[in-house]
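Let's take a friendly walk through a protein model. Have the sequence and the 3D view open, and follow along residue by residue.

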Amino acid sequence: MLEQYDLHNLLVLDIETVPQYPGFDQVPEHFQKLWDLKTQHQRKDESPEDFYERAGIWAEFGKIICISVGIFTAGKNVGLRVKSFVSHQEKEILEQFSALLTSQPASLILCAHNGKEFDFPYICRRMLVNGLKIPTQLEIAGKKPWEINHLDTMELWKFGDYKNYTSLNLLTAIFNIPSPKDDIDGSMVGHVYWVENQLERISTYCKKDVVATAQLLRRYRGEELIADEHITIVGP
């Protein structure tokens, strides 16, 4: 499937997010109350303070610390070029990512795993919070469904089924793709950022997710995986 898509007009992306504050005690009191209300159904028996380590999942209480992107390159062998926008300053990341999209055709296809439920709306929400204009490729207001150039490798795997989330880690396993979770996983990102202060390590993990998603696309299309020597990592 997906043979109708031109891979060279496609951008694979992944984001990493963390809570806006190192701990619940540093959250402004007004937002502590709002966090309590927002999460009362998800928390069950956990206190708002104990549950705060998951705040990065919500765009209202989290922030983006890394956006990694990958583009397919042409030549004798198909390749992949990957880079990260990474910073402690979220607005800086979003401005750089927005500039990248602005420099590309409006028809550019964006692809992410669970992107329609998480990555794409999260980026848009944080852009608005930071006072930035949403790039054309992310803007969906007023567009018909077939005018939105977003691909979601998790949605594609459903084939119309509405059952539960299927992780990228599981799909890479069944398609025999090297796992991106060989160091950390999403649940550890907040700790690695706020406690260990290892932003570069998070950037590396994020880029691995982009590579894995791109390889999954290749498998969906019935194509060979991109060889390691044809994957180029640019920058931090």
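## Salt bridges

K116 counts as partly exposed, because its relative accessibility is 37%; here buried means under 20% relative accessible area, exposed over 50%, and partly exposed in between (1.4 Å probe, protein chains only). E155 is partly exposed too, at 39% relative accessibility. The side chains of these residues, K116 and E155, meet in a salt bridge, 2.8 Å from N to O. The term salt bridge stands for a side-chain nitrogen of Lys or Arg within 4 Å of a carboxyl oxygen of Asp or Glu. K116 sits in the loop between β4 and α5, and E155 in helix α6 (residues 153–158), so the pair ties together parts that are 39 residues apart in sequence. Helices (H or I, at least four residues) and strands (E, at least two) are DSSP runs, numbered from the N terminus.

This is a predicted model, in which local features need pLDDT of at least 70 and side-chain atom pairs count only at pLDDT 80 or more, while totals for chains, interfaces and linings use all residues. Residues are numbered from 1 along each chain as its sequence is written, and side-chain values use heavy atoms, with hydrogens and water left out.

By the salt-bridge rule the count comes to 9. One of them joins E90 and R126, at 2.9 Å from N to O. This pair links distant parts of the chain, with E90 in helix α4 and R126 in helix α5, 36 residues apart. Are E90 and R126 buried or exposed? Both E90 and R126 are buried. R54 forms a salt bridge with E46, and their closest N and O atoms are 3.0 Å apart. R54 is partly exposed at 36% relative accessible area, and E46 is partly exposed at 29%.

## A mixed sheet

Now for the strands. An open sheet is formed by 6 strands in the order β5-β4-β1-β2-β3-β6, and the pairing is mixed. Two strands pair if DSSP finds at least two bridges between them. The edge strands, β5 and β6 (231–234), each pair on one side only. From one strand to the next, the twist averages 25°.

Strand β1 (residues 10–19) pairs with strand β2 (residues 62–73) in the antiparallel sense over 9 bridges. E16 stands opposite C66 in β2. Helix α4 (residues 90–102) lies across β1, β2, β3 (79–86) and β4 (109–112), and runs at about 25° to β2. For such angles, axes are lines fitted to C-alpha atoms, for helices over the stretch in contact, and angles run from 0 to 180 degrees between N-to-C directions.

## Aromatic rings

Rings of Phe, Tyr and Trp (its six-membered ring) pair if their centres lie within 6.5 Å; planes under 30 degrees apart count as stacked, over 60 as edge-to-face and the rest as tilted. By this rule there are 14 aromatic pairs. In one of them, the rings of W35 and F61 have centres 5.1 Å apart and planes at 70°, so the pair is edge-to-face. W35 and F61 are both buried. Ring pairs also link F24, F31, W35, F51, Y52, W58 and F61 into a cluster.

## Around Q137

Q137 lies in the loop between α5 (119–129) and β5 (150–152). Its relative accessibility is 5%, so Q137 counts as buried. Leaving aside neighbours within four places in sequence, Q137 is in contact (heavy atoms within 4.5 Å) with residues including L101, Q104, P105 and H150. The side chain of Q137 reaches the backbone oxygen of L101 at 2.8 Å.

Technical notes: A polar contact is a pair of N or O atoms within 3.5 Å; within protein, one must be able to donate a hydrogen and the other to accept it, and residues adjacent in sequence count only if both atoms are side-chain atoms.
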